Amino acid sequence: MKTIKVLGSGCRNCQTTAQLIAEVAKAKGVDIALEKVESMAEIVGFGVMSTPGVVIDGHVVHAGGVPDRKKIEGWLG
Amino acid sequence: MHPETVTTTDTHALRPWLWGLPLAAALWVAVYWHLSDLADLLVSAAGLSRATHWGEATHFFLYDTPKVLLLLTGIVFLMGVIQTFFAPERTRALLAGRRLGIGNAMAASLGIVTPFCSCSAVPLFIGFLSAGVPLGITFSFLIAAPMINEIALALLLGLFGWKVAALYLGMGLLIAIVAGLIIGRLKMERYLEDWVRAIHQGTAAAPSNTSYTWVERFEAGWHHVREIVGKVWPYVLVGIGLGAAIHGFVPQDFMASFMGRDVWWAVPAAVVLGVPMYTNAAGILPIVEALIGKGAALGTTLAFMMSVIALSAPEMLILRKVLKWPLIATFIGVVATGILLVGYVFNLVL
């Protein structure tokens, strides 16, 4: 099971990102643990400077904007 | 990595862009040069005359709306493409360890082309500081990034012409550079919130997906257009609608009595009025243009606009998470003084 964290201070794009990831995971039948990280200290701790960011199993895979569906499918595949 | 397959799929996907973009550009230019004729045609087709209030207001609306939307689309697309060359991580690497002076000038210029959204002002701020970008240089970036944005430039260009747009760009850079220099000289690092100073950022985790193909750059430009123009067009329509009403119905020189250049308190009043306001340039500029047509001074109006965009109350609240009050007050004070000076200089020169 993959642990996925969405980094962001609660802006609209961050919520969209989390929703989209949940949607794609459901469509592909992939089991994930999705978590939203809103603490600024923790976000900065990942080295991310533009939100929303996406962290999978401890690695930052994306930052700065809503990722597109194809990209998310790539992470979950 | 399979370089060959990457190149072939890339050229395949690139082809529609390579003939589509010049076509779109040609169409753009053709329409842009005939906007006035089009507006004349539509006004007379509607049975109106430009000599009447309604006719003049309608012409204003039909001419300015497509003009501003065209400029907005063009500039936002270009900006979207340019921004793919300047990820925040790259800008930070360019600025780390720079000295005051040249570093401030670089930071202010990079502020124009680096993608920036006020919702990620805090992580960006900390990201810069923890990578060794000095406080004053970070502020030059943070002042220039929101103030000199593509929406403001597109609207200034469309409504006031290239001279005013260039002046706005130059003055905005100057304010960002000088304000950053002053904040740097004051050595205000102790007014950062304690948790910010304690933070040790994990830079190793930063994503390395900073290389783009040209197809991705063009797609980023198009995405930028859909996002920005899609969000901003209602404001442009309402703004130009109000502007058209002022243009057609408010008497000539009406504004000169309280926003003219002879009124010394107009500039400070405009700045003070602008700070708590938070709106985008798109809604406010068409109204501003109409006011200037009725005798408001350009410097006063630009000062108002800069203060609305660069010093907004919501952004101060976001920055309050990382800055203590003395530093926020200094930031507002220095930038507001700069905007005041710009307002007076414009009123004197133009």
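# Briefing on a predicted model with chains A and B

Chain A has a secondary structure of 3 helices and 4 strands, whereas the secondary structure of chain B comes to 17 helices and 0 strands. The points below take up chain A, then chain B as a whole, then two helix pairs of chain B, and finally some individual residues of chain B.

**Chain A: order of elements and overall form**

- Read from the N terminus on, the elements of chain A follow the order β-α-β-α-β-β-α.
- Chain A is as compact as a globular protein of its length, because its radius of gyration of 11 Å is close to the 11 Å that the globule rule gives for 77 residues.
- When the C-alpha trace of chain A is laid along its principal axes, it spans about 35 × 20 × 15 Å.
- Buried residues make up 36% of the 77 residues of chain A.
- If one takes the contacts in chain A between residues at least 6 apart in sequence, 66% of these contacts join residues that are at least 24 apart.

- D57(A) belongs to the loop that lies between β3 and β4 (59–63) of chain A, and its phi is near 45°, which is a positive value in a residue other than glycine.
- Is D57(A) buried or exposed? With 10 C-beta neighbours inside 10 Å, and with 12 or fewer as the cut-off for this class, D57(A) counts as exposed.

- In chain B, which has 350 residues, 41% of the residues count as buried.

**Chain B: helices α3 and α11**

- Helix α3 (residues 53–83) of chain B and helix α11 (residues 214–249) of chain B have axes that come within 8 Å and that cross at roughly 160°.
- Since angles over 145 degrees count as roughly antiparallel, α3(B) and α11(B) are therefore roughly antiparallel to each other.
- The crossing in which α3(B) passes α11(B) is right-handed, and the contact of α3(B) with α11(B) has, by class, 26 nonpolar, 11 polar and 3 charged residues.

**Chain B: helices α4 and α6**

- Helix α4 (residues 88–95) of chain B packs with helix α6 (residues 121–130) of chain B at an angle of about 35°, and the axes of the two helices are 9 Å apart.
- The crossing of α4(B) and α6(B) is right-handed.
- Which residues make the contact between these helices? On the side of α4(B) they are P88(B), R92(B) and L95(B), while α6(B) contributes L124(B), G127(B) and F128(B).
- Sorted by class, the contact of α4(B) with α6(B) has 4 nonpolar, 1 polar and 1 charged residues.

- A310(B) has its place in helix α15 of chain B, and because 26 C-beta neighbours lie inside 10 Å, A310(B) counts as buried.
- Once the neighbours within four places in sequence are left aside, A310(B) is in contact with I143(B), P146(B), M147(B) and V335(B).
- The C-alpha atoms of A310(B) and L181(B) are separated by 17 Å, and these two residues are 129 residues apart along the chain.
- S312(B) is found in the loop between α15 (298–310) and α16 (313–319) of chain B, and with 19 C-beta neighbours inside 10 Å, where 20 or more would be needed to count as buried, S312(B) counts as partly exposed.
- S312(B) and A121(B) are 191 residues apart along the chain, and their C-alpha atoms are separated by 13 Å.

**Chain B: the loop with K187(B)**

- K187(B) lies in the loop that connects α9 (162–185) and α10 (194–198) of chain B, and its phi, near 50°, is a positive value in a residue other than glycine.
- With 10 other C-beta atoms within 10 Å, K187(B) is exposed.

Key: Residues numbered from 1 in each chain as written. Chains lettered and ligands numbered in written order. Predicted model: local features only at pLDDT ≥ 70, side-chain atom pairs only at ≥ 80, totals over all residues. Rg over C-alpha atoms; globule rule 2.2 N^0.38 Å. Contact = placed C-beta atoms within 7 Å. Axes fitted to C-alpha atoms, helices over the stretch in contact; angles between N-to-C directions. Parallel < 35°, antiparallel > 145°, perpendicular 65-115°, else oblique. Left-handed = near helix turned anticlockwise from the far one by under 90°. Nonpolar A, V, L, I, M, F, W, Y, C, P; charged D, E, K, R; others polar.
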